[in-house]
Amino acid sequence: MKVKGKDFRSIWVDENDDRIIKIIDQRHLPHEFVIEELTSVREAARAIRDMHVRGAGLIGVTAAYGMYLAALSAPADDFDAALAAAGDILIETRPTAINLSWAVQKQLETVRGVSSPPDKIALTLETAGKIARQDAAFSQSIGTHGLKIIEKISEAKNGETVNILTHCNAGWLAFVDYGTATAPIYAAFSRGIKLHVWVDETRPWNQGSRLTAWELGEQGVPYSVIPDNLGGHLMQHGMVDLVIVGADRTTITGDVANKTGTYLKALAAHDNHIPFYAAFPSTTFDWNREDGIGEIPIEERSADEVKYTRGWYRGEIIEVLVTPANARAVNYSFDVTPARLITGLITERGVCRADRESILDLFPERKP
Ligand code: MRU
């Protein structure tokens, strides 16, 4: 997507030195555009854990490149063990988004049965590139399928502005390009459909007010940032036509884990008969889990993310305390929206209902 009119992806291999992986350090956005270089698996793990990169798709792709960086420095006589250990380091950084462990497993499968270390290194680089390209292609297809939903609403409103609410950042910064929740929005906007996006600020890390707002602004899409608790009021007053969110892990029964607060939006949408969609690539399905609330691991992040907030003050990013200094704070980073509250799932293969039968119709190779 464009940044100041120039095309960017959220992660790429350095043009002059393929031992360097470049990322946009998202902690600095929207105030500064900082590109960071990753040269080891430890740096990749730190970038994921400390949210230099975030979002289900992108942490998967970063983990895939992290495995390549680990391969570059793995000792020839203990190569497979070193790679497996690197996989463990990466997987333990963030537990909820399944894309991360999926990407690590892909890399481990890639080198299985290959004997020469240089071949293994070349294969991990190739596989990371494939995962990144697939991530972008899947997001683009999600845009094509989701576009039809927005088109229908626009027609029903005789071309009046379609108001879409989104939570967190499931945009191109959360993937490699296009994003998932945002891909249908970009597709509709480029076709001239009148739309406006309500951007939940998404406390405590403010992925909405910092990242989604920045992304939409760079593409020229009209938006308004709203406090996390405003969505219900807007819905009650007919100011929301559609909710689209991303997903970090979706069970085979259609339960969706996404950024904390998603569930409350789904409840409000259900109560107000507003369509609520989750948009994600098939790499986000956890084919082995049935009960999202009981079975999906929910990341608990530092209480300091709740107690302190970051912002731009006199030319630099500063942190300020917003609670009593000794306050206890709790920071579960995700919640689970049960399938019954979800109108549909937008995937790269099309849109389906949030239930096992409909999901398996779209992905028949997963049928037992
Ligand atoms: O904690 P984050 O910023 O990695 O969480 C991201 C989200 O919850 C997104 O909505 C989600 O990843 C779906 S889109 C990748």
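**Rings, charges and a ligand**

Colleague: At 3% relative accessibility, does Phe285 count as buried or exposed?

Modeller: Buried means under 20% relative accessible area, exposed over 50%, partly exposed in between (1.4 Å probe, protein chains only). Phe285, at 3%, therefore counts as buried. Phe280 has 0% and is buried too. This is a predicted model: local features need pLDDT of at least 70 and side-chain atom pairs 80 or more, while totals for chains, interfaces and linings use all residues. Residues are numbered from 1 along each chain as its sequence is written, and side-chain values use heavy atoms, without hydrogens and water.

Colleague: How many aromatic pairs does a search of the whole structure find?

Modeller: A pair of aromatic rings is described by the distance of the centres and the angle of the planes. Rings of Phe, Tyr and Trp (its six-membered ring) pair if their centres lie within 6.5 Å; planes under 30 degrees apart are stacked, over 60 edge-to-face, the rest tilted. The search finds eight pairs. Phe280 and Phe285 have centres 5.1 Å apart and planes at 80°, so they are edge-to-face. Phe8, Trp12, Phe33, Trp172 and Trp214 form one aromatic cluster.

Colleague: Which ring does the charged end of Lys259 sit over?

Modeller: A charge sits over a ring if NZ of Lys or CZ of Arg is within 6 Å of the ring centre and within 35 degrees of the ring normal. For Lys259 the ring is that of Phe334, with its centre 4.1 Å away. Arg210 sits over Trp205, at 4.2 Å.

Colleague: How far is a polar side-chain atom of Lys259 from an oxygen atom of the ligand?

Modeller: A polar side-chain atom of Lys259 lies 2.7 Å from a ligand oxygen. For Gln207 the distance is 2.8 Å, and for Asp248 it is 3.0 Å.

How values were computed. Polar contact = N/O pair within 3.5 Å; in protein donor to acceptor, adjacent residues only side chain to side chain.
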